[in-house]
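Colleague: I have some questions about the terms used for this model. Please set each value against its cut-off.

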There are 2 protein chains.
Amino acid sequence: MDESPDASESGDAHGISMPEICREVGDEAEFVHPADMADHLENLSLEKQVCALRHMTTEDAAEALAELDGNVAVDVLENLDADVAAQIIAEMAPDDAADVLDELDEEHRDVLLEKLTKEDSEELRNLLNFDPDSAAGAMNTELILLEKALTVDEAIAHIRREMEDDKESPYYGYVVDEKDVLVGVLSLRDLMLARPGTIVGDAAAGQSVISVTYDTDKREVASLLSHYNFLAMPVVDYEGHIMGVVTYDDIMDIMHEEASADMLGMVGADPEESVDTPWTESVRKRLPWLMVNLFNSALSASVVYMFEGTIAQMAVLAVLMPMVANQAGNTGQQALAVMIRQLATDRFDQKKAWMAVLREGKIGIVTGLFMAVTAFLGAWWFTGNHLVGAVMGGALLCDMILGAVAGGSIPLIFRAVGRDPAQASSIFLTTITDGAGFFIFLGLATLFIF
Amino acid sequence: MDESPDASESGDAHGISMPEICREVGDEAEFVHPADMADHLENLSLEKQVCALRHMTTEDAAEALAELDGNVAVDVLENLDADVAAQIIAEMAPDDAADVLDELDEEHRDVLLEKLTKEDSEELRNLLNFDPDSAAGAMNTELILLEKALTVDEAIAHIRREMEDDKESPYYGYVVDEKDVLVGVLSLRDLMLARPGTIVGDAAAGQSVISVTYDTDKREVASLLSHYNFLAMPVVDYEGHIMGVVTYDDIMDIMHEEASADMLGMVGADPEESVDTPWTESVRKRLPWLMVNLFNSALSASVVYMFEGTIAQMAVLAVLMPMVANQAGNTGQQALAVMIRQLATDRFDQKKAWMAVLREGKIGIVTGLFMAVTAFLGAWWFTGNHLVGAVMGGALLCDMILGAVAGGSIPLIFRAVGRDPAQASSIFLTTITDGAGFFIFLGLATLFIF
């Protein structure tokens, strides 16, 4: 409505109150940490978010955008003028920029990439081609390379210059030969403590350099970085040429994602779901597993159906039956949780894995014995029939041992066949403990009570 | 048996083959990372572990010990000569040393502390007094303090000297006033880029320093550090005096612990359980929650008992009944998992929390409708009775909505009453979805079918 070119160019076309609100938010930005600014922005309306980013310095906007939740960042980028958006993208660390661009639809992404310098856009297109779950998908390409012929003093001067260009990760200098093959890693500490005049290649000599290839799963990178307590893990190609680094801040995010993925995956929710996921998307992602669960529980129900006659004669069996299944299910989930977390944090070998299943079996036997005695006495007292008590106790013991062993084995079996050890494991476990629990309980009852 | 004092003093009293084995392991130590060495040690017998540590340099032994699993480290320390053990403890970073000592029984701990210098033992006793789950319990007390009157060059020279003493965390210099009150934080980068001659206090002026008090929960410290992407978080007392720092490597361990704790706690296993926990201890820790689960499932069973007569008339109800409970339980666990992970990674306010419950309710309604229609058709086809189908569908819809809302609310309610949001949440959820599922299904059947 406002036709003044002046107002529309400064982005104030939407009304008179807008710029004040924006400037308010923008002013705060100077005093707060970008991570807090991002939190603050997430609570604002889209209009105010867009406005606020427009009024921040490009540097602040880039930092805040990198910290925003993926969905929010996409909305904001799509509603900013493409020129402003491209400036912010150019200012971001390449790995963060690639993460945000990866969420955009192709059309918007191409518009923004077109507006970048040829070098920047090529680098980002390159990063976008990598599997986002690989080391290359998580790596930062801004890193400090030290030619191995440099002296330590030259290296420090070089790092100082590079720092001025605001490289994200000056934790280590990566020593390379003339073909950019990674031959050593020197920390700032190593460099500051080395005798001046030392050749960088000599200072790094004899190191067994730890690196990952670009196609390594990012979870594996996280596990290695946490194992070695590194600040950054160099990423190389199969010829050993350095391609980038994955830094600890990205690793912390990966670890959070991983922990959530295990817990959510276990019960058949999408590994990346959070309370910010649109609820319709959650419905779409959860429904298939709920269908599988319904099918599986129909399988265990068909076991009950086999014994319909027994239940018709003695309805109290239907009262006790779910208790057996429930208790074995809980036992199995304890084993499942221990095993999934172990697989997430440790790379353990075949032998240790099966020792762990054996361990769960022993726990299942002893806790099963305790519960079986309790259930035997309880069911006897409740029904006045010691045979019902004995059947209940016996079925509980068998099903709990089965549950413990199944809970311990399912993640290992899933992993062995190349599946995610956590995904829907709880659903399959419940099918086993329900089906077997019903079968053993009603089977024993049919055999011994009538 | 070997009485030669020479052999027994060098620790070779147990047999002639021992020293060779040890030396073998010890020699390897020079070429491998301490974290890998620790992995390697964990696969050896206790005797070889002790032997190996004795033959490593004290520095290597200290690093390897810090990386060993708690149980293993304790066994090794108890079997090393106290003098050797004390030397290794003295060489470790104080936070790692305190962690290991915390696991030892009091007697062994006191013996070792007696052998340290007065200063070291006081520092460790001090650390041991803090709650191990607090910031102070996780902090490192070796840090670089910069008096605010120093120039940047003096500060760098100071850091260089401190680094030579092998401080664990030279990521930041902490700027303090004459009373050791923390007034600013400067990274190595800040210092290297500052104009020579700048006063440290001026370089840090205007910062709003982010720190935590010593009694902050270590999970909160992890969440803050990951939020701000810091390498280290300063820990202060209530007067602002700096006490130590919690570094990112400890935070990665805390994040692993936290993720495991949520998943294990949810199903009633001990939050710190792993496959390395002695199985008898797991039995002891899991039994109480299995008891609670048995009691809770008896509660839902008592609901079935109310309808014993209905089941006696129509045993097929006992076939379908567990399906309703199972499906609602799975729906609820999806909501539970989303909410627990959210609480672990985000500090969200009351409003956002209840919006998230509402979101789960909406998901419950829509997935419930899908499942209800499927179950209605399936049960109708299976029993030939459209009323059984309708009861099945209706009960499933109600119980799934209840499960979704309960799964979303339980962690929030637990948190509101000061409990761990995850602990045994799955057990309580199942009680609700089982009890309500049985009641609604059998209640509707009693009302409408007969």
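Modeller: Partly exposed is the class between buried, under 20% relative accessible area, and exposed, over 50%. The model is predicted.

Colleague: Why is B:R125 called partly exposed?

Modeller: B:R125 has a relative accessible area of 33%. Buried would need a value under 20% and exposed one over 50%, so B:R125 is partly exposed.

Colleague: What makes B:E114 exposed?

Modeller: The relative accessible area of B:E114 is 60%. The cut-off for exposed is over 50%, and therefore B:E114 is exposed.

Colleague: How do you know that B:E114 and B:R125 meet in a salt bridge?

Modeller: The rule asks for a side-chain nitrogen of Lys or Arg within 4 Å of a carboxyl oxygen of Asp or Glu. For the side chains of B:E114 and B:R125 the N to O distance is 3.5 Å, so the pair counts as a salt bridge. B:E114 lies in helix α9 (residues 106-115) of chain B and B:R125 in helix α10 (residues 118-129) of chain B, so the bridge ties together parts eleven residues apart in sequence.

Colleague: Why is the pair A:D81 and A:R54 called a salt bridge?

Modeller: The closest N and O atoms of A:D81 and A:R54 are 3.8 Å apart, and the cut-off is within 4 Å, so the pair counts. A:D81 sits in the loop between α6 (70-79) and α7 (82-91) of chain A, and A:R54 in helix α4 (residues 46-55) of chain A, so parts 27 residues apart in sequence are tied together. A:D81 is partly exposed, at 37% relative accessible area.

Colleague: What makes A:K115 and A:D83 a pair that ties together parts of chain A?

Modeller: Their side chains meet in a salt bridge at 3.1 Å, N to O. A:K115 lies in helix α9 (residues 106-115) of chain A and A:D83 in helix α7 of chain A, so the parts joined are 32 residues apart in sequence. A:K115 is partly exposed, with a relative accessible area of 42%.

Colleague: How many salt bridges does the rule find across the interface of chain B and chain A?

Modeller: The rule finds five there; over all chains the count comes to 31. A:R359 and B:E273 form a salt bridge, 3.1 Å from N to O. A:E273, A:R286, B:R359 and B:E360 are linked in a network of salt bridges.

Colleague: What area do chain B and chain A bury between them?

Modeller: About 9,900 Å², with 67% of it on carbon and sulfur atoms. B:M192, B:M263 and B:V275 supply 8% of the area that chain B buries against chain A, more than any other three residues.

How values were computed: Residues are numbered from 1 along each chain as its sequence is written. Chains are lettered from A and ligands numbered from 1 in the order in which they are written. This is a predicted model: local features need pLDDT of at least 70, side-chain atom pairs count only at pLDDT 80 or more; totals for chains, interfaces and linings use all residues. Side-chain values use heavy atoms; hydrogens and water are left out. Buried area is the accessible area (1.4 Å probe) that two parts lose on being put together, summed over both. Helices (H or I, at least four residues) and strands (E, at least two) are DSSP runs, numbered from the N terminus. Buried means under 20% relative accessible area, exposed over 50%, partly exposed in between (1.4 Å probe, protein chains only).
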